[in-house]
There are 2 protein chains.
Amino acid sequence: LIIIGERINSTRAGIREAIKAKKPDFLIDEAKKQLACGAQFIDINCAMSATDEVQDIDWTVSVIQSALPGVSICLDSPNPLAIKRALEVYKAGGELFINSITAEEKRMADIAPLALKYDAKLIALTMGAEGMPNSAEDRFAVARSIMLKLSETGFDAKRLYFDPLIRPVSTEPEQAKEVLRSIPMIKSLGANTVCGLSNVSFGLPDRKVINSAFLAMALYAGLDAAILDPTEKQVMSVARASAAILSDDEYCAAYIGAFREGRLV
Amino acid sequence: LIIIGERINSTRAGIREAIKAKKPDFLIDEAKKQLACGAQFIDINCAMSATDEVQDIDWTVSVIQSALPGVSICLDSPNPLAIKRALEVYKAGGELFINSITAEEKRMADIAPLALKYDAKLIALTMGAEGMPNSAEDRFAVARSIMLKLSETGFDAKRLYFDPLIRPVSTEPEQAKEVLRSIPMIKSLGANTVCGLSNVSFGLPDRKVINSAFLAMALYAGLDAAILDPTEKQVMSVARASAAILSDDEYCAAYIGAFREGRLV
């Protein structure tokens with residue numbers, strides 16, 4: 001499981017204020033904390049600052065990369081201009097995710113060449129012209145269509161991560177099952193899957209319990225990467241236990257190590 | 001999910017001593033505690049007392065049924081004589097599980113008529129003549145063979161619960177995946193599945209984390225019943241979250257109720 005730490009997101013008040021005031025320390029601390037908890041990538045999302053996003057994201061990327069040389073990052077924006085601006089200051093070194101494209105032709109045409117140029121992994125939301133998908137079959141159809149278009153540009157399916165767009169079980173109780181069912185279908189295309197975990201529990205109490213149960217199920221279904229809060233101990237504990245259960249952790253060594261370091265709930 | 005509370009088991013020292021000294025209070029407290037935590041059945045296993053099992057189990061069943069009229073119980077013994085003795089004192093009222101048969105002809109011939117007579121649900125271990133199963137296919141083959149033999153006696157597959165025999169991931173890392181894979185295969189026979197949860201985490205630290213991650217996966221695979229410790233808050237929290245995720249909990253009402261009652265971790 002590739003873990004992408006979600007905490008540097010301007011929907012969070014502290015992050016928004018730190019970006020607005022151009023105070024790097026809080027952002028750097030958030031990045032370090034997530035890496036210490038097991039994140040492999042630091043997601044950077046400045047999209048709440050709306051008009052300022054294009055300016056904010058390059059400053060934020062520079063701050064994180066200067067403080068943590070070689071850190072792997074995930075540039076997270078629906079706006080190709082913001083992605084472009086971030087890449088202008090981006091320093092090669094770690095690995096890179098670009099998050100995201102959809103089936104929208106213009107967005108794909110803008111982003112795919114950049115992903116190729118920077119040798120980035122690319123997240124594609126399974127959102128088609130008709131908007132949000134409902135069934136697993138909808139998700140698969142959008143994924144296949146995106147993959148066909150991308151393959152014309154020479155983009156390797158192995159670097160493609162489809163997000164099947166989980167929605168809250170509190171308001172759309174059938175959607176979690178459809179997302180889970182879509183994972184092996186999408187993987188049969190030769191591509192990977194990624195999930196923004198916390199949406200599943202929106203509107204419910206004790207969200208970590210829902211998030212961790214859903215993560216275990218998604219890992220069994222074959223999920224390759226998750227965007228989550230790695231400081232959430234229960235979610236990370238279940239991620240580690242799931243690796244042991246699915247024999248993705250030889251001799252349970254990582255699980256036992258995490259226990260010894262006090263990282264399990 | 002049908003939850004069978006596992007705590008009245010003479011492998012536990014306190015239970016063994018209470019049975020030996022014929023002190024009912026500790027056993028009754030254990031039963032009440034499990035029911036309060038959400039168990040639907042109370043498992044009664046006296047098999048550690050070896051030669052005394054046949055005497056102990058009827059006393060234990062009487063103690064629990066007298067204190068808790070109408071309680072649903074699970075008679076748990078590899079020994080048909082112990083099951084028979086327990087049924088001699090058993091009072092109809094709640095529901096009944098008999099745990100267990102295997103593919104062994106004699107054990108099946110002894111137990112199946114009792115399960116029919118007492119309208120019990122019957123647990124069958126997927127253990128064939130060659131001993132413990134390895135692949136999901138092994139488990140399926142044993143289950144099908146047991147089901148064919150039982151169908152000759154008129155036993156309804158709907159009352160049959162196959163236990164695919166989970167083994168510790170610490171020593172047999174591939175077995176958990178095989179068990180998970182076997183669940184939908186066995187269910188395709190029209191029968192149910194049950195799992196003795198805690199074996200999966202034997203030999204590992206912080207067993208509740210492994211148990212709860214495995215339970216979430218097994219529920220997604222279609223597990224119908226689990227033998228577990230319902231006083232383990234994390235496992236029960238994940239069981240409740242899983243029901244919400246799999247839309248087996250309308251409006252997440254049971255999950256939200258459990259939160260309000262302080263039952264979630």
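Start by selecting the residues where the two chains touch: 35 residues from chain A and 35 residues from chain B are in contact, meaning that they have heavy atoms within 4.5 Å. Keep in mind that this is a predicted model, where local features need pLDDT of at least 70 and side-chain atom pairs count only at pLDDT 80 or more, while totals for chains, interfaces and linings use all residues. Residues are numbered from 1 along each chain as its sequence is written, chains are lettered from A and ligands numbered from 1 in the order written, and side-chain values use heavy atoms, with hydrogens and water left out.

Next, show the surface. Chain A and chain B bury about 3100 Å² between them, 75% of it on carbon and sulfur atoms; buried area is the accessible area (1.4 Å probe) that two parts lose on being put together, summed over both. Now pick A:M217, A:Y220 and A:I245, which lose the most area to chain B on their side, together 24% of what that side buries.

Colour the helices on this side of chain A. The largest share, nine residues, comes from α8(A).

How many salt bridges does the rule find across the interface of chain A and chain B? It finds zero, a salt bridge being a side-chain nitrogen of Lys or Arg within 4 Å of a carboxyl oxygen of Asp or Glu.

To find one, go inside chain A and select A:D229 and A:R7: they form a salt bridge, with the closest N and O atoms 2.8 Å apart. A:D229 sits in the loop between β8 (225–228) and α9, and A:R7 in the loop between β1 (2–5) and α1 (13–20), 222 residues apart.

Now zoom out to both chains. A rotation of 180 degrees with 0.0 Å of shift along its axis superposes chain A on chain B (RMSD 0.0 Å), by least squares on the C-alpha atoms of residues with pLDDT of at least 70 in both. That is the relation of a two-fold axis. Click A:M217 again: in chain A, its C-alpha is the nearest to the axis, 2.4 Å from it.

Notes: Helices (H or I, at least four residues) and strands (E, at least two) are DSSP runs, numbered from the N terminus.
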